[in-house]
Amino acid sequence: MFAREVAGEKASALGRAGRALEAAVDAYETARPEERRERLAAVARAFWMLSVQRDAIGLRDTRELMATYRVPREALALAGVVVPTKPG
């Protein structure tokens with residue numbers, strides 16, 4: 001019973017992280033030029049979070065994530081890096 005609950009929680013966490021990445025990519029793609037830096041940082045954070053979740057359960061290949069979620073290459077360079085969203 002406990003193992004089933006743990007598996008369910010893992011699946012739920014992956015789903016939430018995937019939806020967050022999808023929303024971040026959508027927001028980035030529709031952003032105005034002055035919003036793009038902040039939106040790109042959000043994509044990088046969401047990608048990192050989903051990558052960590054997947055890594056924790058043994059799914060380490062991120063190429064599928066990049067293609068499935070249309071992750072911009074620029075975001076990959078920022079994944080795992082804290083990026084200030086406002087200059088100054």
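Select Arg70 to start: at 38% relative accessibility, Arg70 counts as partly exposed (buried is under 20% relative accessible area, exposed over 50%, partly exposed in between, with a 1.4 Å probe and protein chains only). Arg70 sits in the loop between α3 (63–68) and α4 (73–78); helices are DSSP runs of H or I with at least four residues, strands are E runs of at least two, and both are numbered from the N terminus. Arg70 is not a glycine, yet its phi is positive, about 55°. Most residues other than glycine have a negative phi.

This is a predicted model, in which local features need pLDDT of at least 70, side-chain atom pairs count only at pLDDT 80 or more, and totals for chains, interfaces and linings use all residues. Residues are numbered from 1 along each chain as its sequence is written, and side-chain values use heavy atoms, with hydrogens and water left out.

Zoom out to the whole chain. It holds 4 helices and 0 strands, and its C-alpha atoms fill a box of roughly 50 × 25 × 20 Å along the principal axes. Of its 88 residues, 28% count as buried. Colour by pLDDT, the predictor's confidence in each residue from 0 to 100: the chain averages 87, and 92% of the residues score at least 70. Confidence is lowest in α3, at a mean of 86, and highest in α2, at 93.

Next, select α2, residues 36–56. The end C-alpha atoms of α2 are 30 Å apart, which agrees with the 30 Å that its 21 residues should span, the expected span being 1.5 Å times one less than the number of residues. The buried residues of α2 include Leu40, Val43, Phe47, Leu50 and Ser51. What covers the buried residues of α2 includes α1 (2–29), α3 and α4. After α2 comes Gly58, with a positive phi near 95°.

A polar atom of the Ser51 side chain lies 2.8 Å from the backbone oxygen of Phe47. Leaving aside neighbours within four places in sequence, Ser51 is in contact with Thr62 and Leu65; contact means heavy atoms within 4.5 Å.

Last, show Arg36 and Tyr28. Arg36 lies over the face of Tyr28, 4.2 Å from the ring centre; a charge sits over a ring if NZ of Lys or CZ of Arg is within 6 Å of the ring centre and within 35 degrees of the ring normal.

Methods:
A polar contact is a pair of N or O atoms within 3.5 Å; within protein, one must be able to donate a hydrogen and the other to accept it, and residues adjacent in sequence count only if both atoms are side-chain atoms.
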